[in-house]
Amino acid sequence: QVQLVESGGGLVQAGGSLRLSCAASGRTFSGYAMAWFRRAPGKDREFVAGISQSGASTSHADSVKGRFIMSRDSAKRTVYLQMNNLKPEDTAVYYCAAREAVLTTTPNYPYWGQGTQVTVSS
């Protein structure tokens, strides 16, 4: 069992930056692949970025490549999503997810955080 708590969301103007954090507690952090998903109003949940258990591999959705970077700090049991050059279409609730298996871009993660709102104004 692992518990996830996101933070760092907020309101920002287009072109601005935010850094989301997801702190994990519970079982061994290093055994979990981690990911960020988002859900915009009226849309399905979509994969944003993911990172492998070791941190050696990452994956980012085409819509955020070159703008968002996911990383993890095992000592702090935390993953981050650095979001730069934000656009109004990035507005969504962002969720952190964990699975004790290899990284996947599908929402097949048993553990989820409560979500944090990101709003980008034009």
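Visitor: Which residues form a disulfide here?
Guide: Cys22 and Cys96 do, with their sulfur atoms 2.1 Å apart. Keep in mind that this is a predicted model.

Visitor: How many disulfides are there in total?
Guide: The count is one disulfide.

Visitor: Which parts of the chain does the pair link?
Guide: Distant ones. Cys22 is in strand E3 (residues 18–26) and Cys96 is in strand E9 (residues 92–99). They are 74 residues apart.

Visitor: Is the disulfide left-handed or right-handed, and why?
Guide: The torsion about the S-S bond of Cys22 and Cys96 is about -80°, so the disulfide is left-handed.

Visitor: And is Cys22 buried or exposed?
Guide: Cys22 is buried, because its relative accessibility is 0% and buried means under 20%. Cys96 is buried as well, with a relative accessible area of 0%.

Visitor: Back to E9. How many bridges pair E9 with E11?
Guide: Three bridges, in the antiparallel sense. Val93 stands opposite Gln117 in E11.

Visitor: What about E2 and E11, parallel or antiparallel?
Guide: Strand E2 (residues 10–13) and E11 run parallel, joined by four bridges. Ser121 in E11 is the bridge partner of Gln13.

Visitor: Which E11 side chains are buried?
Guide: The side chains alternate along strand E11 (residues 116–121). Thr116, Val118 and Val120 point to one face and are buried.

Visitor: What does Leu18 touch?
Guide: Its contacts include Val118, Val12 and Met83, leaving out residues up to four places away in sequence. Leu18 sits in strand E3. Leu18 is buried, with a relative accessible area of 15%.

Visitor: New topic. How many aromatic pairs are there?
Guide: Searching the whole structure gives five aromatic pairs. One of them is Phe37 with Phe47, which is edge-to-face. The centres are 5.6 Å apart, with 75° between the planes.

Visitor: Where are those two in the chain?
Guide: Phe37 is in strand E4 (residues 33–39) and Phe47 in strand E5 (residues 46–51), ten residues apart. Both Phe37 and Phe47 are buried.

Visitor: Why is the pair of Phe37 and Tyr109 edge-to-face?
Guide: Their planes are at 70°, and an angle over 60 counts as edge-to-face. The ring centres of Phe37 and Tyr109 are 5.6 Å apart.

Visitor: Which residues form the aromatic cluster?
Guide: Phe37, Phe47, Tyr109 and Trp112 form one cluster.

Visitor: Which residue lies over the face of Tyr109?
Guide: Arg99 does, at 5.7 Å from the ring centre. Elsewhere, the charged end of Arg72 sits over the ring of Phe29, 4.4 Å from its centre.

Technical notes. Residues numbered from 1 in each chain as written. Predicted model: local features only at pLDDT ≥ 70, side-chain atom pairs only at ≥ 80, totals over all residues. Heavy atoms only, no water. Disulfide = S-S within 2.5 Å. Buried < 20%, exposed > 50% of the residue type's maximum accessible area, 1.4 Å probe, protein only. Pairing = 2+ DSSP bridges. Contact = heavy atoms within 4.5 Å. Phe/Tyr/Trp six-rings, centres within 6.5 Å; stacked < 30°, edge-to-face > 60°. Lys NZ or Arg CZ within 6 Å of the ring centre and 35° of its normal.
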